[in-house]
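Subject: The structure for you to look through

Hello,

Here is the structure I promised to pass on to you, followed by an account of what turned up in it. Please keep the sequence and the 3D view open beside this message while you read.

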Amino acid sequence: MVLLTMIARIPDGLPLAASMQDDEQVGRKLIEYQNQAKLLFKKLNFQSPKQCTIESVPYYFHYLIERDVCYLVLCEKNFSKRSAFSFLEDIAAEFNKLYGRQVSTVSRPYTLIEFDNYIQKAKKNYIDSRVRRNLNSLNNELQDVQRIMVQNIDDVLQRGTVLSDPMFIISYLDLIYFKNFKL
């Protein structure tokens, strides 16, 4: 699950936008991680990897750098990296489309905080789509199990047929043998 999303400018680490978990208790705990993210933004530069995952027990920071802007999420450890980077790419594309030309002129922190609305929608849609995918996957697995069970029953029934055929052949051969032997 995505707990925190932040966007900052690379040259000076200026936070441009952020979005935190709606839950107040979780939000209070995340302030420490938000401070870690701000320190991370200050350390990132043009030589930093364009995509990276950083462990901050018990969570992971995943970040993506595009066009001098760093998009960062804090996720639970069980949240897949592929999903996190897919989410970041979505956020980056929309942010660049809306604010790409403004980024270099921004002078105050969180000037583009209204982007939080899009982040919240994307997070909700993303979580909803993951739930749908998980349900579809679960349904597919159940159907596979049902097919396996039917196949197993069919195999057993066919084995009975296959076994009865040789028995019929043996009894038929016995009958022929006895007829020929008696003659």
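Two rings of Phe, Tyr or Trp (for Trp, the six-membered ring) are taken as a pair if their centres lie within 6.5 Å, and a pair whose planes are over 60 degrees apart counts as edge-to-face. With that rule, a search of the whole structure, which is a predicted model, finds 6 aromatic pairs. In one of them, the ring centres of Tyr71 and Phe95 are 5.8 Å apart and the planes stand at 75°, so this pair is edge-to-face. Tyr71 belongs to strand β5 (residues 69-76) and Phe95 to helix α3 (residues 81-99), so the pair ties together parts that are 24 residues apart in sequence.

Are these two residues buried or exposed? Buried means under 20% relative accessible area, and Tyr71, with a relative accessible area of 2%, is therefore buried. Phe95 counts as buried because its relative accessibility is 0%. Phe95 also pairs with Phe115: their ring centres are 5.1 Å apart and their planes are at 80°, so this pair too is edge-to-face. Here the link runs between distant parts of the chain, since Phe95 is in helix α3 and Phe115 is in the loop between α3 and α4 (116-182), 20 residues apart. Phe115 is buried, as is Phe95. Tyr71, Phe95, Tyr99, Phe115 and Tyr118 form one aromatic cluster.

Now for the chain as a whole. Its secondary structure comes to 4 helices and 5 strands, and along the sequence these follow the pattern β-β-α-α-β-β-β-α-α. The chain has 183 residues, of which 33% count as buried, and it exposes about 12400 Å², with carbon and sulfur atoms supplying 56% of that area. If you take the contacts between residues at least 6 apart in sequence, 60% of them join residues at least 24 apart.

Pro15 gives you a place to look at such contacts. This residue is found in strand β2 (residues 15-20), and Pro15 is buried, with a relative accessible area of 11%. Leaving aside its neighbours within four places in sequence, Pro15 is in contact with Ile7, Ala8, Arg108, Pro109 and Tyr110. The C-alpha atoms of Pro15 and Leu112 are separated by 9.0 Å, although the two residues are 97 apart along the chain.

Next, please turn to strands β3 (residues 51-56) and β4 (residues 59-66), which pair in the antiparallel sense over 6 bridges. A hairpin of 2 residues joins β3 to β4, and Thr53 has His62 as its bridge partner in β4. In the loop between β3 and β4 you will find Pro58, and the peptide bond that joins Val57 and Pro58 is cis, with omega at about 5°.

Arg67, which is not a glycine, has a positive phi of about 50°; its place is in the loop between β4 and β5, and Arg67 is exposed, with a relative accessible area of 64%. Tyr110 likewise has a positive phi, near 60°, in a residue other than glycine. Tyr110 lies in the loop between α3 and α4 and is partly exposed, with a relative accessible area of 24%.

Finally, a word on the cysteines. How many disulfides does the count come to? The count comes to 0 disulfides, where a disulfide is a pair of cysteine sulfur atoms within 2.5 Å. For Cys70, the closest cysteine sulfur is that of Cys52, and because the two sulfurs are 9.7 Å apart, they are too far for a bond. Cys70 counts as buried, at 0% relative accessibility, and Cys75 counts as buried at 0% relative accessibility.

How values were computed
Residues are numbered from 1 along each chain as its sequence is written. This is a predicted model: local features need pLDDT of at least 70, side-chain atom pairs count only at pLDDT 80 or more; totals for chains, interfaces and linings use all residues. Side-chain values use heavy atoms; hydrogens and water are left out. Buried means under 20% relative accessible area, exposed over 50%, partly exposed in between (1.4 Å probe, protein chains only). Contact means heavy atoms within 4.5 Å. Accessible areas come from the Shrake-Rupley method with a 1.4 Å probe; for residues, only the protein chains shown count as cover. Rings of Phe, Tyr and Trp (its six-membered ring) pair if their centres lie within 6.5 Å; planes under 30 degrees apart count as stacked, over 60 as edge-to-face and the rest as tilted. Two strands pair if DSSP finds at least two bridges between them.
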